[in-house]
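Let's take a walk through this structure together, one selection at a time. Have your viewer ready, and pick each group as we reach it.

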Amino acid sequence: MEEMRLACGGHGYSSASAFPEIYANQNPAATYEGENTVMMLQTARYLLKCVRNVRAGKGVGGVMSYLAETPQPRSSAANDKDFLCSKMLTEAYKHVARRLVYEAADRVTDSLKKGRAQVIASNENHLHLLRAGQAHCHLYVVDNFFSAVAELAAPDSVKEVLQALASLYAVHGIIQNRGEFLYDGYLTGDQLAMADRQLIALLGTIRPNAVTLVDSFDIHDDILGSILGRYDGNVYENLYKWAKSSPLNDKEVVDAYDLHIKPFLRENIAKSKL
């Protein structure tokens, strides 16, 4: 949200943008149903349970099945366009999530072997559990994004745009978390450079459809309440109308000018030696 506000320049700071109201409504949303850290730790605890099942030979299914798969040690990306391949991108996220989940599980196990209680062992490895939960959730979104687009009953022209959007989301995540993908050599510096170039290319692909994609959420002007985000796009005409509707602009010259500023200017002009 802050990035969007900054992208609007000075107008983003104005009440006309509706950002002040959106901030007030959205910021508490992270805690309505529980603080995100708590939810990530709950996710991580379930992931550790799945790891124990895999190691015990019980196996796991569904969204956790990647934990039982044989990890691919290196990415197969050979050129920029490979970072448009949904399978290759999903495999990259699986690799990182698997590594972080197993690392968190091993660290908790080590703490337990040292005689720590389960609660203490979890607290000692709090950050590792958080990273594992976040990586798993990121994988889940990427995987389901691509799957949903592939299964969508829509014209090819629509699916192409959504596929590009899914690729943009996945590649952007790799660039933002490049350290995790470089950590054990899954991606190389050259491959990250490929991803970087593909990210720029995808931005150009998405740009002509960006407004339409946002409009697809069908948020009415009356609900959004933003002059900058108006459906008709008539921003500056309506900014002018909004400014004119302010009580401060009821008169061409406010009363304070004649009462205070004008006498002050006259007095100082009379005293001026120029």
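Start by selecting leucine 67, which touches Leu47, Cys50, Val54, Val60, Arg98, Val101 and Tyr102, leaving out residues up to four places away in sequence; contact here means heavy atoms within 4.5 Å. A word on the ground rules: this is a predicted model, where local features need pLDDT of at least 70, side-chain atom pairs count only at pLDDT 80 or more, and totals for chains, interfaces and linings use all residues. Residues are numbered from 1 along each chain as its sequence is written, and side-chain values use heavy atoms, with hydrogens and water left out.

Now widen the view to the core. Leu67 is among the residues with the most contacts inside the largest nonpolar core, along with Phe83, Leu89, Val171 and Ile174; this core has 50 residues. Such a core is a set of buried Ala, Val, Leu, Ile, Met, Phe, Trp, Tyr and Cys residues joined through side-chain atoms within 4.5 Å, and buried means under 20% relative accessible area, exposed over 50%, partly exposed in between (1.4 Å probe, protein chains only). Colour α4 (36-55), α5, α7, α8 and α10 (189-206), the elements that give two or more residues to this core. Helix α5 gives the most, with 12 residues. Helices are DSSP runs (H or I, at least four residues), numbered from the N terminus.

Stay on helix α5 and select lysine 94. Is this side chain buried or exposed? Lysine 94 counts as buried because its relative accessible area is 16%. Beyond its neighbours within four places in sequence, lysine 94 is in contact with Tyr66, Glu69 and Leu139.

Next, the aromatic rings. The whole structure holds two aromatic pairs, meaning rings of Phe, Tyr and Trp (its six-membered ring) with centres within 6.5 Å; planes under 30 degrees apart count as stacked, over 60 as edge-to-face and the rest as tilted. Tyrosine 93 and phenylalanine 181 pair edge-to-face, at 5.5 Å centre to centre and 80° between the planes. Tyrosine 93 sits in helix α5 (residues 86-113) and phenylalanine 181 in helix α9 (residues 178-182), 88 residues apart. Both tyrosine 93 and phenylalanine 181 are buried.

Then select phenylalanine 145 and tyrosine 169, a tilted pair at 6.3 Å centre to centre with 50° between the planes. Phenylalanine 145 belongs to helix α7 (residues 126-151) and tyrosine 169 to helix α8 (residues 156-176), so the pair ties together parts 24 residues apart in sequence. Phenylalanine 145 is partly exposed, at 24% relative accessible area, and tyrosine 169 is partly exposed at 32%.
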